[in-house]
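I opened this notebook to record what I looked up in the structure. The entries follow in the order in which I made them.

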Amino acid sequence: MRRALVFGLIGGFAAWHLSLVGLIEAFAGRRLIGQGVTFSYVLLLALMLTVGYLVGRRISNWTGLLGAALAGLLVGLALWVLALLVATVDLRTVFVAASPALPDILTFNRGTGAVGLAVLLLVGAAVGFLGGGLTWLPATGRRAVLTALAIAVLVGLLRDVLSPIFPAPVMGFLFTPTGGLSLPGTATVLALALAVPIARQVLANRASSHRGSLSVRALQRRRVAARVIGVVFLASFPLWAGLFLSNVSDFVGLYILMGLGLNLVLGFAGLLDLGYVAFFAIGAYSMAVLTSPELGHFTLGFWEALPIAVAMTVVSGILIGLPVLRMRGDYLAITTLGFGEIVRLLVLSDWLKPHLGGAQGVTRIARPELGPFVIDRPQEYYYLILIGCGLAWFLSVRLRDSRIGRAWMAIREDEDVAQAMGINRVTAKLLAFATGAAMGGLSGALFASLVNSVIPQSFSLLVSINVVALLVLGGIGSLPGVVVGALALVGLPELLREFQEYRLLVYGVVLVAMMIFRPAGLWPEETRVRELEEAAEEGKTRAPAEVAAVTQDGA
Amino acid sequence: MASAARRLAVLTGGRRIDLTMVIAWTIGALVLVLVLVGSYQTLVAGRYTAGQWFDFIVFGLAQGGIYALIALGYTMVYGVLRMINFAHGEVFMSGAFSAFFLADALARRGFLESRPIISLLALLAFAALVSMTIAVILERIAYRPLRGAPRLVPLITAVGASFFLQYTFRGLFGSGVRVYPTVPLLEGTILGIQIKLIVVFLGALATLGILWAFLTFTRTGLAIRAVAEDMEAAALMGVDVNRAISSTFAVGGAMAGVAGVLYALVFAQVQFFMGFLPGIKAFTSAVLGGIGNLPGAALGGLVLGLVESVGPSLFLDGLGIPAAHQLKDAIAFTILVLILIFRPTGILGERLGSRV
């Protein structure tokens with residue numbers, strides 16, 4: 001029961017945090033199901049569910065369910081107290097998000113009186129109880145239910161994005177005219193989301209029951225088919241996705257490109273570079289200086305400038321790499337961060353203004369031309385970026401499986417041992433920096449041409465953090481992980497307007513939570529998983545005092 | 001290339017020289033020459049009066065005192081856990097930002113005018129308390145579960161925690177700049193020096209003194225030092241390691257909170273992003289003095305504050321760079337990079353060997 005109290009209080013605290021930071025109110029306008037259920041409600045309910053689940057997982061008997069209900073109830077109580085507080089005392093001079101509308105949202109529009117309290121307590125207890133009940137389901141069933149709920153929420157959220165893609169009758173069936181998902185729509189989405197994984201499970205079971213029947217050739221055929229579908233999807237994407245989605249996917253693509261570049265440095269060679277934005281900036285500014293007539297130094301075309309820009313970043317990658325060759329771990333991180341900031345400060349300064357445009361930046365950057373045809377729409381840039389990503393992906397795969405890739409990974413595991421085994425640390429690290437920089441530079445050059453201007457503000461530390469965060473989310477060292485990370489951390493926030501404000505808040509949580517609960521990432525690389533497991537084992541055997549302390553905490 | 005290296009090795013009496021060292025030293029020599037030439041030209045041109053130089057130095061010392069206080073938090077945590085608490089700048093920010101509301105309330109009721117000393121002490125205590133709490137929670141959530149993990153892992157959570165704190169404060173209190181109320185007692189000058197700068201510098205020194213006494217004379221201080229010396233041995237001697245680490249974060253956090261109020265007194269404004277630059281610079285100070293070394297951090301802070309305040313006018317102006325103060329932060333970063341390359345052990349640091 002004590003555990004239930006603790007989790008309930010933590011949940012209540014989290015609810016206060018979400019509300020006072022303004023997240024809850026920001027999402028009050030997002031209708032998910034019909035007119036009534038908004039994303040704010042879903043967030044609050046999800047919080048209660050999580051708290052209940054966590055309690056239920058610790059205590060696996062009937063008291064656990066009771067505890068889960070109690071914890072949910074506590075969250076409800078915390079919400080009511082906050083609502084009452086905001087309604088009676090004007091907190092706005094301190095907490096900017098404590099607006100008069102907040103109490104209504106928190107109490108599901110039932111007011112801060114006895115009715116609101118009763119509703120919140122009941123809902124909290126019920127949802128907490130359900131969360132505790134989730135632990136009684138078998139793992140696969142639980143995952144299916146949770147995934148289905150998440151998909152339904154996602155579909156509800158992405159209404160505006162989906163509407164140009166699906167024909168009107170489908171949209172009319174799924175959604176209510178002004179709100180979120182309609183009731184039949186919700187049922188359909190949930191049913192589909194539940195049915196597909198179950199069907200796959202059943203098929204997989206049948207396949208494994210007479211394994212011999214699925215020959216190697218059939219597997220190969222299936223893989224080829226999957227690839228063809230993937231290529232067709234990617235190639236036709238801008239044709240049916242519309243301007244907005246193409247624009248978003250352009251940015252996702254640029255981040256994938258950067259992610260692949262940093263992945264070589266951080267994922268393969270294990271060098272944490274927190275100043276990766278420097279290469280992005282150098283690529284973008286090289287493109288700007290070389291092509292923009294504004295500065296009057298050069299007026300090259302896009303295609304002449306592109307290789308020069310990439311070459312510039314390679315050189316700068318080597319220049320930045322040289323002095324930091326002997327540094328490791330956190331020192332390297334801080335030094336590279338310093339380099340990134342130096343680049344930004346130099347660009348921003350009046351000193352270099354005649355050459356780099358200063359705080360106003362540079363505009364009128366060249367567009368790529370193909371004969372008479374000028375690429376200037378996001379849909380057309382999409383293909384350019386896609387080719388860039390494909391190239392970077394191919395390079396990454398080939399490098400990973402090559403001698404130099406092995407050398408990088410050896411350095412990542414243990415630099416001293418790698419050197420003792422005859423790996424040339426200098427060349428290996430410099431190559432990692434140079435190739436990683438080239439990809440960042442390519443991304444920057446494409447970015448400059450896409451948005452047609454560069455301003456120093458686009459090259460802040462946040463870009464570096466973005467890239468590191470997406471690598472961490474997807475799984476450090478994993479190539480598909482880069483794509484997953486970029487879609488989740490760059491794509492989703494672009495699609496959810498209200499989310500922009502809280503993007504970095506969520507990044508912070510993602511970084512911490514991933515490292516604690518799933519350090520290998522969402523789509524991990526296999527060796528990385530093994531390595532982390534080994535490290536955990538090692539940590540256990542190495543520090544008995546700490547383990548004792550941890551178990552004491554747990555008891 | 002190889003033969004050239006061999007020839008070099010002969011020249012240096014058989015000591016191996018690798019290419020990176022040669023390049024690093026070239027860069028270092030270049031920077032040194034630039035600094036000397038710039039300083040010389042500025043001094044010859046006589047652009048600034050002695051009074052102006054004096055102002056730069058006083059301001060640099062006050063700023064350096066603040067850096068020193070924050071740097072101690074970095075260096076203590078590093079000494080105990082061998083990790084860089086990247087979110088320490090945000091701990092500093094949270095103290096300064098929270099104390100703003102107390103300061104505002106006090107100013108409105110006229111306390112800041114009628115009882116300035118008590119108000120100031122209350123501000124310092126409040127900021128120290130908030131920062132301390134946040135630092136301890138930070139350690140508990142973001143670092144303790146990962147203590148055995150590879151080195152990169154706590155660094156990434158630190159970056160995450162740093163952003164979480166920043167944007168929590170932004171969400172809670174808004175993204176605008178809040179103007180700190182002025183303390184009437186601290187306005188004006190003595191002997192041509194602004195009183196608030198003197199108070200800030202002395203306040204920083206006093207806090208450093210308190211920290212020294214705490215670490216030297218209390219049992220908790222002893223535990224912290226024991227854990228910093230050797231965690232396992234300390235555990236075997238009956239020191240509660242987790243408690244010692246928590247108190248390290250608590251003490252470091254409190255110092256950062258104090259530094260936050262002092263910073264706000266000098267710059268008179270707070271904002272959610274204000275922790276980033278002082279954080280990095282304090283880290284630079286810690287490295288400059290030798291990370292893990294307490295007097296080193298204090299010294300490093302003062303040195304960095306001075307260089308940053310005097311530097312742009314002294315050697316950047318002389319090189320003919322317009323608006324040199326814009327590059328003030330770039331100087332700090334350059335110093336950081338140069339130290340890490342040439343003397344990673346810092347001014348007072350011991351040899352860290354392969355840890356760097």
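**Entry 1: Ser464(A)**

I began with Ser464(A), which touches Leu274(A), Gly275(A), Tyr276(A) and Val277(A), residues up to four places away in sequence being left out. Contact here means heavy atoms within 4.5 Å. I noted that Ser464(A) sits in helix α20 of chain A, residues 461-474. Helices (H or I, at least four residues) and strands (E, at least two) are DSSP runs, numbered from the N terminus. Ser464(A) counts as buried because its relative accessibility is 1%. The classes are buried under 20% relative accessible area, exposed over 50%, and partly exposed in between, with a 1.4 Å probe and protein chains only. I also found that the side chain of Ser464(A) reaches the backbone oxygen of Leu274(A) at 3.2 Å.

**Entry 2: conventions**

I wrote down that this is a predicted model, in which local features need pLDDT of at least 70, side-chain atom pairs count only at pLDDT 80 or more, and totals for chains, interfaces and linings use all residues. Residues are numbered from 1 along each chain as its sequence is written, chains are lettered from A and ligands numbered from 1 in the order in which they are written, and side-chain values use heavy atoms, with hydrogens and water left out.

**Entry 3: Ser458(A)**

Next I looked at Ser458(A), which lies in the loop between β6 (453-454) and α20 of chain A. Ser458(A) is partly exposed, at a relative accessible area of 23%. Neighbours within four places in sequence aside, I found Ser458(A) in contact with Phe280(A), Phe447(A) and Val463(A).

**Entry 4: positive phi**

I recorded that Asn452(A) has a positive phi of about 70°, although it is not a glycine. Asn452(A) is in the loop between α19 (425-451) and β6 of chain A, and counts as partly exposed at 25% relative accessibility. In chain B, Ala268(B) has a positive phi of about 60° and is likewise not a glycine. Ala268(B) lies in the loop between α11 (241-267) and β4 (269-270) of chain B, and is partly exposed with a relative accessible area of 25%.

**Entry 5: salt bridges**

How many salt bridges are there over all chains? I found that the count comes to 10, where a salt bridge is a side-chain nitrogen of Lys or Arg within 4 Å of a carboxyl oxygen of Asp or Glu. One of them joins Lys429(A) and Glu415(A), at 3.1 Å from N to O. Lys429(A) lies in helix α19 of chain A and Glu415(A) in helix α18 (residues 415-420), so the pair ties together parts that are 14 residues apart in sequence. Lys429(A) counts as buried at 2% relative accessibility, and Glu415(A) counts as buried at 10%. Salt bridges that share partners join Glu415(A), Arg425(A) and Lys429(A) into one network.

I then checked Arg400(A) and Asp401(A), whose side chains meet in a salt bridge at 3.4 Å, N to O. Arg400(A) is partly exposed at 23% relative accessibility, and Asp401(A) is partly exposed with a relative accessible area of 47%. In chain B, Glu139(B) forms a salt bridge with Arg144(B), with the closest N and O atoms 3.2 Å apart; Glu139(B) and Arg144(B) are both buried.

**Entry 6: chain B**

Chain B has a mean pLDDT of 79, and 89% of its residues reach 70 or more; pLDDT is the predictor's confidence in each residue, from 0 to 100. I noted that residues 351-356 of chain B have a pLDDT below 50, and that this stretch has 13 contacts in the model beyond near neighbours in sequence. The secondary structure of chain B comes to 14 helices and 4 strands. Of the 356 residues in chain B, 54% are buried.

Residues up to four places away in sequence aside, Thr284(B) touches Leu304(B), Ala332(B), Ile335(B) and Leu336(B).

**Entry 7: where the chains meet**

Finally, I turned to the contact between the chains, which takes 62 residues from chain B and 54 residues from chain A. I counted 0 salt bridges between chain B and chain A.

Methods:
A polar contact is a pair of N or O atoms within 3.5 Å; within protein, one must be able to donate a hydrogen and the other to accept it, and residues adjacent in sequence count only if both atoms are side-chain atoms.
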